[in-house]
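Thanks for coming. Please have the sequence and the structure open.

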Amino acid sequence: MATRPKTNSATASIPVPMLDVNRQNSPLRAEVDAAIAEVCESGAFVYGPACRELERALAEYCGAKYAIGCASGSDALLLALMALDVGPGDEVVLPSFTFFATAGAVARLGAKPVFADILPDTFNVDPEDVARKITSSTKAIMPVHLFGQCVDMESLSAIAEEAGGIPIIEDAAQAIGAEYQGRRAGFLGKFGCFSFYPTKNLGGFGDGGMITTDDESAAEQLRVLRDHGQHPRYHHSMVGVNSRLDTIQAAVLNVKLPQLDGWAAGRNSNAERYEKAFSKPRFEGGLQVPTVAEGCLSVWNQYTVRVAEGRRDELQEYLASQKVGSAVYYPIPLHRQECFAELGYQEGSLPVTEQAAREVLSLPIFAELEAEELDQVIETVGKFFAETNAKGSCHRAA
Ligand SMILES: *Cc1c(COP(=O)(O)O)cnc(C)c1O
């Protein structure tokens with residue numbers, strides 16, 4: 001069996017992937033294969049017993065009373081909005097600096113996404129800007145626990161309360177297991193929405209999603225909504241969607257869930273290693289490490305640094321040339337997307353978001369990264385700044 005070559009910064013470099021889901025899944029394959037085989041033999045492919053088991057386990061994990069499985073994280077958001085009867089004429093306040101699904105769910109129901117700016121240090125929505133964007137038409141607030149860190153829920157809840165008790169839907173797609181003041185994401189608002197897309201911290205072998213809530217009647221409504229609104233069978237008191245969880249996905253996730261905290265710990269120790277390395281003077285002025293807010297435990301779905309204006313794309317190209325993976329989440333904020341042009345947001349309307357979109361770069365953080373791979377990322381970033389800083393000092397001397 002071939003072993004990975006040892007790192008030697010003076011000679012050849014080892015390629016570092018942005019993410020390699022196989023490294024996480026391979027050690028569990030025997031157990032996963034057995035669980036999938038069991039589903040195949042049962043023939044209960046949609047919402048079988050493994051789905052109910054996952055719902056129970058996930059509710060307990062998040063500290064919520066109920067969990068309702070569905071087909072994807074995007075559908076979890078859509079169903080939560082449907083349970084609040086969001087539709088034409090309604091507004092939903094949400095960040096613009098997020099994955100498209102957050103706003104897509106609102107728009108698909110004919111409601112209006114109202115974009116709020118973010119805080120520069122955490123990339124999460126700014127509660128004060130949310131407060132400014134609330135109107136008499138605001139039907140819900142959808143904070144996103146971006147990159148694995150919870151939003152300032154205390155401030156946001158106070159604002160929602162003050163505005164007459166506007167319900168909060170947490171987009172926790174990137175934040176399963178993240179803690180805020182000792183409580184886990186998915187238990188902080190009225191609804192918590194999760195994704196099991198393969199690249200999320202708890203990833204299936206395909207699409208899947210989950211909604212958590214403490215509200216018994218809302219939980220019942222969600223179960224009906226995800227199954228065409230029928231209850232009992234062939235009786236439709238409301239129009240729902242087909243968004244049930246596949247049993248094979250639930251079976252895979254039941255095998256993976258017990259490992260989740262261990263993986264989060266691995267991501268955390270990788271983040272610590274980056275933090276320590278990038279705090280050294282040779283990175284100063286070039287790169288800003290992410291901040292974890294007081295009372296928060298991040299699960300690091302992404303490790304996202306800021307690169308001083310103008311050099312982000314250059315750094316990303318350099319990393320690619322050295323075979324080090326990286327990604328830009330997100331290059332175009334949602335308020336500047338073509339499909340939302342009619343909402344009328346101009347360049348400069350959400351300045352903190354727009355600056356983040358120009359400066360962010362996410363580096364490999366997955367738990368199975370090897371120490372020499374982390375070193376490789378750090379060395380390669382260091383070399384980039386050493387070279388460009390040297391050029392910079394020539395200019396200054398001239
Ligand atoms: C991944 C993601 C979603 C959508 O989840 P899917 O399961 O891919 O539909 C929604 N919101 C955020 C913030 C995400 O990262």
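Let me begin with S195, which is buried at a relative accessible area of 9%. Buried here means under 20% relative accessible area, exposed means over 50%, and partly exposed is in between, with a 1.4 Å probe and protein chains only. Before going on, two remarks on the source: this is a predicted model, in which local features need pLDDT of at least 70 and side-chain atom pairs count only at pLDDT 80 or more, while totals for chains, interfaces and linings use all residues. Residues are numbered from 1 along each chain as its sequence is written, and side-chain values use heavy atoms, with hydrogens and water left out.

Back to S195. The residue belongs to strand β8, residues 191–195. Helices (H or I, at least four residues) and strands (E, at least two) are DSSP runs, numbered from the N terminus. The S195 side chain has a polar atom 3.1 Å from the backbone nitrogen of Y197. A polar contact is a pair of N or O atoms within 3.5 Å; within protein, one must be able to donate a hydrogen and the other to accept it, and residues adjacent in sequence count only if both atoms are side-chain atoms.

S195 also has a polar side-chain atom 2.6 Å from an oxygen atom of the ligand. Of the ligand's 380 Å² of accessible area on its own, the protein covers 93%. Those areas come from the Shrake-Rupley method with a 1.4 Å probe; for residues, only the protein chains shown count as cover.

Now the ligand site. For S74, a polar side-chain atom is 2.5 Å from a ligand oxygen. For G73, a polar backbone atom is 2.7 Å from an oxygen atom of the ligand.

The ligand takes up the space of the largest pocket. The search runs on a 1 Å grid over the protein atoms alone: a cavity is a set of points where a 1.4 Å probe fits but cannot get out, a pocket is an open set with protein on both sides within 12 Å along at least five of seven lines, and lining residues have an atom within 4 Å of a point. A molecule sits in a cavity or pocket if more than half of its atoms lie within 2 Å of its grid points.

Next, backbone geometry. Most residues other than glycine have a negative phi, and most peptide bonds are trans. F147 has a positive phi, near 65 degrees. This residue is in the loop between β4 (138–141) and α7 (153–162), and F147 is buried at 6% relative accessibility. Q181 also has a positive phi, near 45 degrees. Q181 sits in the loop between β6 (179–180) and β7 (183–184) and is partly exposed, at 49%.

Where are the cis peptide bonds to look at? One runs from H231 to P232, with omega near -10 degrees. P232 is in the loop between α8 (216–225) and α9 (247–256). Another joins Y329 and Y330, with omega about 5 degrees, and Y330 is in the loop between α11 (312–321) and α12 (351–359).

One more serine before I stop. S298 is in the loop between β11 (296–297) and β12 (303–307). Is S298 buried or exposed? S298 is buried, with a relative accessible area of 4%. Its side chain reaches the backbone nitrogen of W300 at 3.0 Å.

V224 lies in helix α8 and is buried at 7% relative accessibility. V224 and I14 are 210 residues apart along the chain, and their C-alpha atoms are separated by 51 Å.
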